[in-house]
Amino acid sequence: MPSYPHHSDRPTLSLDGLWDFGFLGETDVEAVTPSTIAFDDRMAVPGCFDAAPRYAGRRGVGTYARDVSALADAPHRLRIGAAGLWMRVYLDDEALATHRLPYSPMEVVVPAARLRGGPHRLTVVVDNRFDFERSPLFEPYFDFHAYGGVFRSVTWQALPDPCRIDRVRITTVRVTPASIEAAVTLVGQPPAGTTWRTRIDAGESFAVTPTPSDRTTTDADGATLTFRHDGELEPWSPGRPVLHTLTLEAWVNGEKLDAVTERFGVRSVTTRGRDVCINGEPVKLKGVCRHEAHPHYGPALPLDQLVADAQLIASLGGNFVRGSHYPQDPRFLDLCDELGLLVFEESLGWGQHKPEAHFANDDFADLQVQQTRRMVLESYNHPSVIMWGFLNEGGSKLPESRSLYQRLTQGIRDHDATRPVTYATMFLLEDLNLDLCDIVSVNTYPAWYAADATVERPLHEITQRFDAVEKHLHEQGLDDRPLLISEIGAGAIYGWRDPHAAHWSEEYQRDHLALVCREVMQRDTIAGVALWQFCDCRTYSGGHALKRPRAFNNKGIFDEYRRPKLAADAVRAAFERVDPGA
Ligand code: ADA
C-alpha cells in the first residue's frame with residue numbers, strides 16, 4: 001500500500017518498475033536532449049544505477065525513460081519520491097522541472113492540454129557527480145556514499161481541476177479527551193457552495209465547516225482551512241502505537257470534487273526540564289542512528305529490508321532512531337508509526353563549516369531552508385517523528401552560522417509548533433547556537449577519535465566525557481533542557497575477534513557501547529542516546545578512506561548485511577534494564 005496521503009478517487013498509476021536506461025558518463029548535463037539518447041540498458045525504479053555492479057562507483061549522467069499517457073483529460077502530477085544527486089525531468093524534449101534537493105520528493109504538475117495525443121516519453125536525467133554550483137547539498141567529503149538514481153517511488157496521478165485538496169495536516173490539541181485540529185491545504189479556490197464531510201477511521205462521515213486560516217502549511221498557492229474535532233480517539237504511544245485515519249471530502253452540487261485520507265496518531269511531545277515526554281510521560285530514548293543503505297541497493301531499500309531494519313532496532317531493546325542524515329523514506333516512517341519507534345528526522349547535511357560557501361551563500365541557505373520545510377510538511381502526520389533537526393555537525397561554532405541556524409529553527413517552528421527542534425553538534429564546548437534548540441544534541445566520540453594514544457583501552461574517557469558535557473551545559477545555563485547523545489560509537493570489523501579486545505575488534509566495540517548504554521541509562525540528566533550506528537555503510541573511498549577500512553564506516557552494531565556484531569547483545573542487555581517507556 002502506498003504511503004499516506006491517499007487520494008483514492010484520483011486515477012493513479014505507479015511508475016515503479018523497469019525503465020529504459022542509458023549511462024552517458026561525463027556528458028554536459030545541460031546539453032542533454034532526451035530524443036537523442038541511446039537507451040541501451042534497463043534499470044529498476046526505484047533504484048540506484050551505481051549500486052548495480054555494471055555501473056558501480058561510476059560518476060556521471062544516468063538517464064531513465066518510459067512512456068506515459070493521460071489517465072483522464074485532466075492535469076497530472078508526477079511525483080518522484082527522491083533522487084540523487086541532481087535531477088531534471090522531461091516530457092518528450094521539454095524540460096518540466098529541475099530538482100536540487102537529494103532525498104526530498106519532487107512534484108510537478110503537467111497541464112491536461114500537454115498530455116493530449118499521447119503516449120509521451122517521460123525522461124528522468126540524474127547526475128551523481130559532485131558539483132557545488134548545481135547540487136550544493138551533497139559534497140564529496142560526506143561520510144556516506146553519494147549514490148545516483150531514482151531512490152524512491154514514482155507516481156503519476158490525474159488531478160481534479162481547478163481546485164483540489166493537497167494535504168490535511170493533523171495536530172493533537174489535547175490527548176485526553178482527544179481533540180485534534182485539521183489544517184486543510186487546497187490548490188486553487190473551492191467553488192462557491194462547496195461543502196465538506198469528514199470521517200474518522202471507519203466511522204460515519206459527518207459535515208464539517210472548515211474556516212480560513214493564515215497558518216503556513218503548504219508550499220502550494222492555495223488556501224488553508226482548519227477545523228477542530230473532539231472525539232473518542234485512543235492515543236498513540238511507543239508502547240501502544242494506535243493509529244487513526246481521517247478522510248476529508250469536498251462536495252459541490254451533489255458531486256464529489258476530491259477526497260483525501262491521512263493517517264495520524266493522537267499524542268503530544270514536550271520537553272520538561274531534562275526529559276523528553278510523550279503524552280506527558282518522560283521517555284528514555286534508547287536507539288541508533290541509521291543510514292538508509294545496503295550494498296546491493298544504496299539508499300533505495302526494498303520494503304522487506306525496511307521491515308527487517310525496524311525489527312532489528314526493536315530487537316536491541318530500542319525505541320528510538322535518528323534518521324541520519326536526510327529526510328526518511330515515508331515507508332520507513334509508516335513502519336515506525338506502526339511499531340511505536342520514535343524518530344529524530346533531519347534534513348540533509350554533513351559537516352558544512354565554510355563561512356563563505358555555507359553561511360554567506362544565499363543559494364545554499366535557501367536550499368537548506370527549502371529542504372527542511374519540505375521535510376516538515378511531508379512528515380507532519382507521522383506520530384513517530386518526535387523532533388526535527390538539520391545541518392548535522394555543521395559549523396555552529398562560527399558567528400557567521402547564526403543567521404542560517406536562526407532561519408532553520410524559525411522556519412521549522414513556523415510550520416510546526418508542536419515538535420522540539422534540535423541539531424546534532426560536534427562543537428559542544430564552542431557552539432554558539434544551542435540557545436535556539438529545544439533539545440541539545442551532542443555527537444561525541446570518547447575512547448575513539450583523539451583518544452589518549454598512550455592508553456590501550458581508553459574506555460574511562462566515556463564517563464569523563466559525559467561529566468564534561470554535563471558540566472559545560474550547566475555552566476552555559478543550558479541544563480534546563482534535554483540532552484541527547486545524538487552520536488557515539490566505535491568501529492569494529494565484522495568477524496574480527498581479538499582476545500586483546502583492541503581497536504577495530506568486535507570486543508572493543510561491545511565493551512565501549514555497553515559502557516555508553518549503562519551510563520546513559522543511569523543518568524537522569526541524559527534524555528537518551530542514538531548510538532552510531534545501526535549498521536555499517538559504504539562511505540568515501542580514495543585517500544579519505546584511510547580511517548575507513550573497506551571504504552565503509554564500520555561503527556555498525558550490525559554489518560552492512562545486518563549480521564549482528566558482539567555489541568548487539570551488550571546493547572540489548574543495557575537498554576532492557578529499564579522499562580520500555582511510555
Ligand atoms: C560524525 C558524523 C557521522 C559519522 C561519524 C563517524 O559524527 O555525523 O556521519 O561520520 O562522525 O563515524 O565519525
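Strands are runs of at least two residues assigned E by DSSP, and they are numbered from the N terminus. The structure described here is a predicted model. In this model, the loop between β8 (86–91) and β9 (94–99) holds Asp92. Asp92 is not a glycine, yet its phi is positive, at about 50°. Most residues other than glycine have a negative phi, and most peptide bonds are trans.

Two peptide bonds in the backbone are described next. Tyr4 and Pro5 are joined by a cis peptide bond, with omega about 5°. Pro5 belongs to the segment before β1 (12–14). A cis peptide bond also links Thr176 to Pro177, and here omega is about -15°. Pro177 is located in the loop that runs between β14 (164–174) and β15 (179–187).

An open sheet is formed by three strands in the order β4-β12-β7, and their pairing is antiparallel. Its edge strands, each of which pairs on one side only, are β4 (47–48) and β7 (83–84). Strand β12 consists of residues 149–150 and is joined to β7 by two bridges, the two strands running antiparallel. Within this part of the sheet, Ala83 lies opposite Val150 of β12.

The model also contains a ligand, and the space that the ligand takes is the second largest pocket. Around the ligand are 13 residues, of which Asp143, Glu393, Tyr449, Glu487 and Lys555 come nearest. Sorted by class, this shell comprises five charged, four polar and four nonpolar residues.

For Glu487, an N or O atom of the side chain is 2.4 Å from a ligand oxygen atom. In Tyr449, a polar side-chain atom is placed 2.5 Å from an oxygen atom of the ligand. The corresponding distance from a polar side-chain atom of Arg548 to a ligand oxygen atom is 3.2 Å. On its own, the ligand has 320 Å² of accessible area, and the protein covers 96% of this area.

How values were computed: Residues are numbered from 1 along each chain as its sequence is written. This is a predicted model: local features need pLDDT of at least 70, side-chain atom pairs count only at pLDDT 80 or more; totals for chains, interfaces and linings use all residues. Side-chain values use heavy atoms; hydrogens and water are left out. Two strands pair if DSSP finds at least two bridges between them. Helices (H or I, at least four residues) and strands (E, at least two) are DSSP runs, numbered from the N terminus. A residue is near a molecule or strand if one of its heavy atoms lies within 4 Å of it. A polar contact is a pair of N or O atoms within 3.5 Å; within protein, one must be able to donate a hydrogen and the other to accept it, and residues adjacent in sequence count only if both atoms are side-chain atoms. Accessible areas come from the Shrake-Rupley method with a 1.4 Å probe; for residues, only the protein chains shown count as cover. On a 1 Å grid over the protein atoms alone, a cavity is a set of points where a 1.4 Å probe fits but cannot get out, and a pocket is an open set with protein on both sides within 12 Å along at least five of seven lines; lining residues have an atom within 4 Å of a point. A molecule sits in a cavity or pocket if more than half of its atoms lie within 2 Å of its grid points. Ala, Val, Leu, Ile, Met, Phe, Trp, Tyr, Cys and Pro count as nonpolar, Asp, Glu, Lys and Arg as charged, and the others, Gly among them, as polar.
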